[in-house]
Amino acid sequence: MPRPRLTGRLFTAVLSLTLLTAATAPATAAQGPPRAGRDPAGRCALPGRTGYTDEGHDTDPVQFRRPLGTLRLAMVFVDFPDAPATGPTGDVAAQLLPGANWLRDASYGKVRLAVTPARSWVRMPKPSTAYGFERGLSHEQHERYVRDAVRAADPYTDFSRYDMVYVVPPRNAPAISFSPAYLFDPAASGVVADGTRIKWAVTFGQDMWRWGPRLVGHETAHLFGLPDLYAFDGSDVHRYVGGWDVMGLVSGAAPHYSGWHAWKLGWLDDDQVACRATPGTDTVRLTPVEYRGGGTKAAVVRTSPTTAYVVESRRAVAADARACSTGVLVYRVDSATPTGHGPVRVQDARPDATPPAGCGQLDDAAYRAGQSFTDPASGVRVDVLDSRDGSDTVRITRR
């Protein structure tokens with residue numbers, strides 16, 4: 001969901017940092033004859049250029065939480081004078097807590113959420129309709145909501161013990177309609193409790209009952225620096241990536257993070273990424289992003305200072321556990337495109353295909369053996385050579 005943006009002062013500070021980093025990033029090599037040997041993975045890492053959540057690898061470690069190791073979370077439950085809770089907190093917690101296991105698996109075990117749910121509801125000082133969710137939420141309004149929730153829970157929760165906070169309302173509070181992520185803005189007053197500044201939080205809303213535990217993976221990843229991959233405008237909000245990334249369609253048939261996101265967040269090592277930043281050709285065997293274990297998870301062809309094509313092997317499954325799509329996904333990444341405006345765009349293999357029911361846009365997109373993707377403007381070509389033994393072999397070329 002669209003979320004509050006940073007104020008001008010923080011935006012300028014973060015943008016200055018990313019531009020400084022970009023100035024030291026390796027430039028796209030001059031055109032010349034193809035050369036043998038892969039490029040170092042770092043040559044394909046892109047600098048962020050938006051000053052907020054984006055696809056750049058130079059994620060600000062102060063603004064965003066480092067997504068590695070065990071993260072301790074306090075889950076507090078708030079109700080309102082106009083929407084008192086009518087059931088135990090455990091019933092609501094059960095809607096979200098499986099998301100911790102989902103994130104652990106999706107990060108290949110690199111992130112573990114240690115969530116401590118409160119045992120009782122605490123009352124917010126204002127009606128649910130007073131917090132501005134239904135009118136669109138500014139950073140100031142969102143921070144006020146987080147502050148009221150933390151103050152209400154403070155007598156029962158030692159916030160100095162936790163890295164992040166989840167705030168959860170009752171199901172009968174429709175005014176708290178969606179689930180934005182909260183990031184501390186140094187230009188604002190902030191939220192402090194038990195001598196600790198609350199820098200990272202997710203305030204869940206009624207959409208949790210629609211999206212379920214995967215919403216934990218989506219919103220928590222904003223605290224790590226990932227952008228929204230669905231569109232903020234237009235009638236087809238999932239036109240960019242469909243259900244191929246949880247940062248797009250949360251309930252999609254391929255609910256995982258892309259290989260690019262896993263690399264950006266530090267869940268893939270550089271030796272699991274095949275980079276082509278200079279003219280040349282590589283043959284790469286890709287193991288599926290959804291599978292744990294080693295192997296090469298992504299092949300990246302850098303095309304400009306802020307753009308690249310990513311090629312990865314995917315295994316999607318419909319809600320009924322039926323295989324939807326097995327093949328190679330090709331998508332374009334632009335680290336200068338802001339969140340909600342298509343920083344990642346999947347390149348459909350068969351744009352006119354009619355996918356099976358329950359598979360959404362997935363079967364349109366996956367490339368199979370014998371198929372190719374080309375972008376003459378950037379000189380990029382991807383040939384899918386074969387699919388066997390649970391992996392896909394591709395040939396990537398940059399001319």
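## The four-stranded sheet

Two strands are said to pair if DSSP finds at least two bridges between them. The model discussed here is a predicted one. In it, four strands form an open sheet with antiparallel pairing, in the order β9-β16-β15-β14. Strands β9 (280-286) and β14 (372-375) lie at the edges, and each of them pairs on one side only. From one strand to the next, the twist averages 15°.

Within this sheet, β9 is joined to strand β16 (residues 391-398) by seven bridges, and the two strands run antiparallel. Residue R285 stands opposite T393 in β16.

## The five-stranded sheet

A second topic is the open sheet of five strands, whose order is β2-β1-β3-β7-β4 and whose pairing is mixed. Its edge strands are β2 (111-123) and β4 (181-183), each pairing on one side only. Here the twist averages 20° from one strand to the next.

Strand β4 and strand β7 (residues 200-203) are connected by three bridges in the antiparallel sense. In this pair, A181 stands opposite V202 in β7. Helix α6 packs on the sheet and touches β1 (69-79), β2, β3 (164-168), β4 and β7. The direction of α6 makes about 15° with that of β4.

## The enclosed helix α6

How many of the eleven residues of α6 are buried? Ten of them are, so helix α6 is largely enclosed by the rest of the structure. The term buried refers to a relative accessible area under 20%. The buried residues of α6 include L215, V216, H218, E219 and F224. Just after this helix, G225 takes a positive phi of about 110°.

## Helix packing around α3

Two packed helices are described by the angle between their axes and the distance between the axes. For α3 and helix α6 (residues 214-224), the angle is about 60° and the axes are 8 Å apart. The crossing of α3 and α6 is right-handed. On the α3 side, the contact involves G99, A100, W102 and L103, which meet R214, V216, G217, T220 and F224 in α6. By type, the residues of this contact between α3 and α6 comprise five nonpolar, three polar and one charged.

Helix α3 (residues 98-106) also packs with helix α2 (residues 89-96): their axes come within 5 Å and cross at roughly 20°. Four of the contact residues of α2 with α3 are nonpolar, two are polar and none is charged.

Are the faces of strand β8 (residues 273-276) covered or uncovered? Both are covered: V273 and C275 are buried on one side, and A274 and R276 are buried on the other.

Strand β8 runs parallel to strand β10 (residues 298-302), and four bridges join the two.

Key:
Residues numbered from 1 in each chain as written. Predicted model: local features only at pLDDT ≥ 70, side-chain atom pairs only at ≥ 80, totals over all residues. Heavy atoms only, no water. Axes fitted to C-alpha atoms, helices over the stretch in contact; angles between N-to-C directions. Nonpolar A, V, L, I, M, F, W, Y, C, P; charged D, E, K, R; others polar. Buried < 20%, exposed > 50% of the residue type's maximum accessible area, 1.4 Å probe, protein only. Left-handed = near helix turned anticlockwise from the far one by under 90°. Contact = heavy atoms within 4.5 Å.
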